[in-house]
Amino acid sequence: MRPFRVFQLVACVFFCAAMIAAQVPKFTAADKPWDGDKFGNIRAVISVTDASAKAVRAHIEWRRRDNSPAAKNIIVTTADGAVIKNVVRGEITNEAGDIYFEPAAGAGKYYVYYLPYKKAGSPNYPKDFYPPFAETADPTWAATAKNAATAATVTEIESIDAFDSFYPMEVIATKAETAAVLSRNVGRGFIVFPEDRLFPIKMKDHLPQRWVNGGDKKTFSGEARRGEFYAFQFGIFAMKDLANVRVKFDGLRSGSLSIPASQMTCINTNGVDYRGVAFTKTVDVAAGKVQALWCGVDVPVDAQPGKYTGKAVISAQSMKPQSISLSINVSNIVAPNHGFNEPEKQTRLTWLNSTLAQENTVIAPYTPIEVSGNELNILGRRIVLASNGLPAMIQTFFTPEMTSIRTGANDVLSSPMQIEAVTSDGTIARPSRSRVRFTERSPGTVRWTAHDAFQAGAKLSMDVTGTLEFDGFLAYEVKITANDDVDLNDIRLRIPFAENSSEYMLGLGEKGRKTPETLKWKWDVATKNQDGAWLGAVNAGVQFSLRDEKYSRPLNTNFYLQKPLLLPTSWGNEGKGGIDIDTANKTRVVSAYSGSRRMKKGDVLYYNFTLLITPFHPIDTDWQWANRFYHKYSPIDEIKTTGATVVNIHHATPINPYINYPFIEHAKMKAYIDEAHAKGLKVKIYNTVRELSNHAYELPALRSLGHEIFSPGDGGGFSWLQEHVGDDYIAAWFVAEIKDAAIVNSGMSRWHNYYVEGMNWLVQKVGIDGIYLDDVAFDRVTMKRIKRVLTRDGHPGIIDLHSANQFNRRDGFNNSAMLYMEHFPYLNRLWFGEYFDYENNSPDFFLTEVSGIPFGLMGEMLQAGGNPWRGMIYGMTNRMPWSDNADPRPIWKAWDDFGMQGTKMVGYWSPNCPVRTDNPKVLATVYSRKGAALVAVASWADADASVELKIDWKALGIDPQKAVIRAPAIDRFQPAAEYRVGEKLTVPKNKGFLLRIETR
């Protein structure tokens, strides 16, 4: 143990007492904010009484927490804001500073701004910085200022507003005050400071002044309501290095009544992860640091009122434990909704350990898994397992149009998948025959194992654990063990796709396109968020991802490079691994290889992988036509007149101001939603996990969990973050008007438990009809839980996903559809998105990366309002009124005039499409009903194209002799026109038509 280096305690005792007794300026918030970007967020208010003074000295006990205060600028102004140039500094420390200035306006009020910053970066990603002191004083004045100065009075320390205040938990204790505390605790390894929930501990490097003047406390007292999760804190100040800090409770008693210790918890030392697995955290505290331990008691709703007492024992390895007496007065009041309506009281910290909606129950429209021998059937899909536990057959039963399920099968694989080992002499060894043993059979999950020894002297064995879920997700843990020392040329996975079920691909650095005949890919996790691909047709396909036992979800959406993928030890093999695709004999073989290696006896490698069998369900065209999104906070009556049916409320709006923390203005939000419901509209809100607003009440508590909730980083960003969070974070989205500055979440964490509970609260208490996801930083486990709580009790639970195109350097050149495919089973719509180029990409790109159709979804366009002609080929419009030119109302009117509800959509990709053109670059999709068809025509030709419609009149059910073809007038889309059967149409470049074909 290294002791905390303090001062000569005996020598400074009297000095300490004097400092403690010294008067500290009061800390206040301004009634009216000043220009923070010019002067900063904090100032000392100075009173000058000597009207004739040429120089005054202000000794400011500012008690600052920021690093290197002497390196930062000082600005002095008169009361009316005029900047004074004659300013020099004396000693500047964290505790206090001496500022000398010329009181140019004579006697009166002056301001000393001591944290002025400069703006840099972009509006939404600022990089504020603190410039050094500017030497502006006249040298002659400066030469005599300190000696000539008279004393000025510091009347208060004022923050620009209450949110920027440092008081009380960021007002530091002085070194002398800290030394006095230490002198009373000589011989101990640590000091415990009990603290109320309303004063969250925020500093790690300083004691707050609040703790040093009241004497050492060995008790904690609080007032709790029945049914409330009552939170409190222990501030641990380490006098030596501390290892494995723990808290033990003995319960609470009131006479013969008790609240058991099982109702008490410390979130820093124990928890339940996002998968529902209990865990224990190790808390170490370096000497001289402060660690907050957030604890709580779940007061039973039927607890009898009274004073309950007990104790908490705080211990650390090789240190003498310390006891804190607890006294909780339980009132007769029952906390409404367990106190969750008051997050400012930290009542929701218990949500971090929630298991709500964790059970893997089947979610509509999916059906329970049916097992018959080794055959597994789910909605529209079938998997047959080989004896080694891997898929021998994968089939889908979706029609080419993707609008229904049929009896005829689409074979995804041409032969069974295989794990192969190649010995040093080139011999290919496969596992010998084994038998699948089912270990779990439930409606939502089926799990099995298989044990195999490899043939041909490979000296390897393979243990397979497979898990199928009801939505088509297959997870494989493949454990390969060396039974003896062995040299290998390779261990690989072979996935033989049927050629007609692997027409398109996403991933491995390829944009959505036709699958190439050959492809060679190598691992590059440092810069590429790539670990697999999707190969498929519109109605059949598989996504695969390669992982090992150390897989950790990387960051995404602007932050991949700051927390990239981990190279799998097995598949990556120090860069030797990769993936090849080769096509021959109507089969596309994906070979995921790992390269040569030597395994010693007993070595274990995990060749884990996941599969997603697509599509997930048929597309729901009627839902697409009926649910018309309006993406802006506007008056309900105004929205109603547009014809929209679903309102998306973004963040940075009056009822949902703070990003991913939609709880502060919940009363306003509920009133808005109630009005919308009364007038026939649904309301969804922006709420996701990727970053979290600095306005979250739980921010200090979450920061106390180390890197569990927030990613490590270099800090910076908006000034508030630098001044109040300090360091070790990644600055994210920022909205200047409301000082909403987010920091990046860490990926998979207990925050997802909170997120699920928060979503449930928003559904049950506020009445939201769904959520708008702006990119996603959680996995399918959390998505399933979210869908369950959103659809509970018959709520609609609408989820749409927006993504900016992830195919760029900062996002690791991943495809948005590839990245988020695991979430697609639970979405209602896609909105892809910024940076998607609708003008210069192929129909294959539209189909695979934008439309959602090969996965059972439909979408909308965003960038520059999209391309409305090409969009209608896939049943898409833009979304009003978010982006430029985003007004789908003319197309909505065309839908309604034709009667889109109940139509059958047959896209150009289907062999059954009854209308085509004679130009392969001009495509047509048909929406038909009895006796009529609406035909979308759009061009990808390099110039205006003259085309003839090739119409299967029998399939349309229309007599060509009685048919009329006309283009209805659609504002900003097309003028009215009428065409004869067989007449050529001139289709402008990048544009098209909507044509009605009907009987006269």
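## Terms and model

Helices (H or I, at least four residues) and strands (E, at least two) are DSSP runs, numbered from the N terminus. The structure is a predicted model.

## Overall architecture

The protein contains 17 helices and 62 strands. Its radius of gyration is 33 Å, close to the 30 Å that the globule rule gives for 1000 residues, so the protein is as compact as a globular protein of that length. The C-alpha trace spans about 105 × 75 × 60 Å along its principal axes.

Of contacts between residues at least 6 apart in sequence, 72% join residues at least 24 apart.

## Burial, surface and charge

Buried residues make up 60% of the 1000 residues of the protein.

The protein carries 114 positive and 108 negative charges.

Pro431 lies in the loop between β27 (428-429) and β28 (437-441). With a relative accessible area of 11%, Pro431 is buried, because buried means under 20% relative accessible area.

Leaving aside residues up to four places away in sequence, Pro431 touches Ile419, Asp452, Ala453, Phe454, Gln455 and Met462. Ser461 is 30 residues from Pro431 along the chain, and the C-alpha atoms of these two residues are separated by 7.6 Å.

Conventions:
Residues numbered from 1 in each chain as written. Predicted model: local features only at pLDDT ≥ 70, side-chain atom pairs only at ≥ 80, totals over all residues. Heavy atoms only, no water. Rg over C-alpha atoms; globule rule 2.2 N^0.38 Å. Buried < 20%, exposed > 50% of the residue type's maximum accessible area, 1.4 Å probe, protein only. Contact = heavy atoms within 4.5 Å. Lys, Arg positive; Asp, Glu negative; His and termini not counted. Charge placed at Lys NZ, Arg CZ, Asp CG, Glu CD.
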